[in-house]
Amino acid sequence: MLSDSINESSKQLTKDGKLRHLVSLENLDKNILMRLLFEAQEYTQFKKLPDRIINHNQEHTIANLFFEPSTRTRASFEIAANRLGFNVINFDIENSSGKKGETILDTVMTLKSMGVDTLVIRHKEAGIHAQLVQDIGDECIIINAGEGHISHPTQGLLDLLTIQQEKEAFEDLTVTIVGDIAHSRVARSAAQGLTTMGVKELRLVSPKEFMPSKKLTSISKHFTNLDEGLKNADVVMALRIQHERMEDTNNINLDNYIKNYRITHKAMRIAKPDAIIMHPGPMNRNIEIESSLADGEQSVILRQVANGVAVRMALLNQLTKNHEAQ
Ligand code: NCD
């Protein structure tokens, strides 16, 4: 059974409660989330920043270290950093010393010695980001860009921003997440963020084999029946089956999954007529989501991608400011 590491949220804050690193959305104060969402919303209408800010940020180096595959997260961190004028290096893991047996701590220490200030890290190991905060967090900023099945806080933030743009108040919303909940870091971070923002209902729908061993948050309700989960939902999020996180994929009955859990036009009739459809990507079209639905009017999937840049700009800006103020 998969475990959920306990991320001690306080470690990612400064002594006076400001965000110092981003490890997890778990127990992160609502005000911190709102400040990030507010600034991210401003960046959605991005205009070139004044030279004064760009020149200042050029002194700060951000390294992107992706030990697992990524398209959206990696590209959007790079675009966000470039727009703010930061000096960015993208680390080529395939050709790095990690392949020669170097530990991640040694890799990170090496980069730090060269003057890297912020480390954006995606890694399969649970707890790695919290560990790095403990080991080198006084000198560097650590950002979680995906941690095994445990958490993906910047995805959670962009999901919150997308929902906020489309819907009025979180307090009135029923949000339904459908798919491989057990192995999904996206579901965990979204659930944590939505719980803090105070949604009315948070429903998680999956077949038994993809059900997590315990409730994701205090308010999450778990369903095995798609119709029950979708009834009157305002927001529906489909998830990819995380084959790469399973030891044995032989007993997944894909036909059954498609029949009972695929989000289709027909299935969506039971949700609210103005419900939005989300997906973190990459999509497996016609498995977890009907292809034409992903491209249809209710879909906000590409908006999520665009918001990923804005959210990461807000995060990089706030973390570097809080770091400099130390
Ligand atoms: C997700 C991830 O890597 O967790 N993708 C993303 O970051 N947008 C979802 C997935 O891989 O299914």
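Trainee: At what N to O distance do the side chains of Lys167 and Asp274 meet in a salt bridge?

Mentor: This is a predicted model, and the values are computed from it. Lys167 lies in the loop between helix 6 and strand 5, and Asp274 in the loop between helix 10 (265-268) and strand 9 (276-278), so the pair ties together parts that are 107 residues apart in sequence. Their side chains meet in a salt bridge with an N to O distance of 3.6 Å.

Trainee: Is Lys167 buried or exposed?

Mentor: The cut-off for burial is a relative accessible area under 20%. Lys167 has a relative accessibility of 11%, and therefore counts as buried.

Trainee: Which residue forms a salt bridge with Lys30?

Mentor: Lys30 is partly exposed, with a relative accessible area of 32%. Its partner lies in the loop between helix 6 (153-166) and strand 5 (174-178) while Lys30 lies in helix 1, so the pair ties together parts that are 141 residues apart in sequence. The closest N and O atoms are 3.7 Å apart, and the partner is Glu171.

Trainee: How many salt bridges are there between domain 1 and domain 2?

Mentor: The chain is divided into domain 1 (2-151 + 307-324) and domain 2 (153-305). The count of salt bridges by the rule applied comes to 13. Between domain 1 and domain 2, the count is 3.

Trainee: Which element gives the largest share of the side of domain 1 that touches domain 2?

Mentor: Between the two domains, 15 residue pairs are in polar contact, both residues being at pLDDT 80 or more. The elements giving two or more residues to the side of domain 1 that touches domain 2 are helix 1 (30-43), helix 3 (72-83), strand 4 (141-147) and helix 12. The largest share, 7 residues, comes from helix 1.

Trainee: About how much area do domain 1 and domain 2 bury between them?

Mentor: The centres of the two domains, taken over C-alpha atoms, are separated by 25 Å. The contact takes 35 residues from domain 1 and 31 residues from domain 2. Carbon and sulfur atoms carry 59% of the buried area, which is about 2,800 Å².

Trainee: Which three residues supply 25% of the area that domain 1 buries against domain 2?

Mentor: No other three residues of domain 1 supply more of this area. The three are Leu25, Leu37 and Asn307.

Trainee: With which residue does the side chain of Thr61 make a polar contact of 3.0 Å?

Mentor: Thr61 is placed in strand 1. With a relative accessibility of 12%, Thr61 counts as buried. Beyond four places in sequence, Thr61 is in contact with residues that include Gly115, Val116 and Asp117. The side-chain polar contact of 3.0 Å is with Asn87.

Trainee: What is the omega of the cis peptide bond that joins Gly281 and Pro282?

Mentor: Most peptide bonds are trans. Pro282 is found in the loop between strand 9 and helix 11 (291-294). The bond between Gly281 and Pro282 is cis, with an omega of about -5°.

Trainee: What is the phi of Asn286?

Mentor: Most residues other than glycine have a negative phi. Asn286 lies in the loop between strand 9 and helix 11, and counts as partly exposed at 36% relative accessibility. Its phi is positive, near 65°.

Key. Residues are numbered from 1 along each chain as its sequence is written. This is a predicted model: local features need pLDDT of at least 70, side-chain atom pairs count only at pLDDT 80 or more; totals for chains, interfaces and linings use all residues. Side-chain values use heavy atoms; hydrogens and water are left out. Domain bounds come from an automatic or database domain assignment. Contact means heavy atoms within 4.5 Å. Buried area is the accessible area (1.4 Å probe) that two parts lose on being put together, summed over both. A salt bridge is a side-chain nitrogen of Lys or Arg within 4 Å of a carboxyl oxygen of Asp or Glu. A polar contact is a pair of N or O atoms within 3.5 Å; within protein, one must be able to donate a hydrogen and the other to accept it, and residues adjacent in sequence count only if both atoms are side-chain atoms. Helices (H or I, at least four residues) and strands (E, at least two) are DSSP runs, numbered from the N terminus. Buried means under 20% relative accessible area, exposed over 50%, partly exposed in between (1.4 Å probe, protein chains only).
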